[in-house]
Amino acid sequence: MAGTGDGLADAAKLADQDDNLTLSDEAIPWLERIEVSSARSRKVRGGNYVQIATVSPEGLPCCRTVVFRGWVPSPDGLKAMKMITDLRSEKVAHVAASPACEMVWWFSKSSEQYRIQGDLQLVGADCADAELLSQRKQQWGNLSDSAREQFFWQSPGVPFSGASKTPEGGRDEEGSILPVPETFLLMLLWPKQVKYLRLTDNFSQIDHLDAANYAWNYSRVNP
């Protein structure tokens, strides 16, 4: 199953072999391009931080920074971008009202920007898809201890009433990782459109998903 590092080693080799790939004037599929962008930035602190914007029930844009944690493939050959969130966060209400989302991923080392539009899917304990439930459980186990603790904190956004008492590291007394709490959600972005811009030479490209054929169409455009 795909994980955070899947494909990056191969992409890094590709980048080493052809350092001009992302500087090419030719349009290439965005999934190929972003693998190279990620590989070149994997040693950059915060290189996997992305910004996502959702729409509130009142129609207002709401943006925040989250961590990109890899890819989740679907049976039809498409890929979702994997993140996590808390069941009690405001994003959950936003997604319930509208799954529309836009992600911005900026690669400072190569001056590349990806604007990725699509729909968010939240995967919780009540998900009927066994494969996605397995992905959720796996991601819970892959978290750092400090990240797991956050899902046992008091509800976000309410008045502060003192530090939360949480199981250290999200583990039991024997040191084993606790079962996945209901508050932990896998958050998947299923891209539909990607706008790419490289500031070093103003190369710009747009990729559109042909949902009927499970394929991407792409072309160079004016920046």
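I looked up the largest pocket and found about 580 Å³ of space in it; on a 1 Å grid over the protein atoms alone, a pocket is an open set of points where a 1.4 Å probe fits, with protein on both sides within 12 Å along at least five of seven lines, and a volume is the space filled by probe spheres set on the points, which are joined across faces, edges and corners. Of the 26 residues that line this pocket, those closest to its centre are D86, Q150, F151, W153 and P156, where a lining residue has an atom within 4 Å of a point. The elements giving two or more residues to this lining are β2 (61-67) and β4 (79-86), and β2 gives the most, with 4 residues.

I noted that the model is predicted, so that local features need pLDDT of at least 70 and side-chain atom pairs count only at pLDDT 80 or more, while totals for chains, interfaces and linings use all residues. Residues are numbered from 1 along each chain as its sequence is written, and side-chain values use heavy atoms, with hydrogens and water left out.

I then turned to the strands, which are DSSP runs (E, at least two residues) numbered from the N terminus, and which pair if DSSP finds at least two bridges between them. Strands β5 (residues 100-107) and β6 (residues 112-123) run antiparallel and are joined by 8 bridges, with D119 in β6 as the bridge partner of A100. Their hairpin has 4 residues between the strands, and S111 takes a positive phi near 55° there. I also found β6 joined by 12 bridges to the antiparallel strand β7 (residues 184-198), where L186 is the bridge partner of V123.
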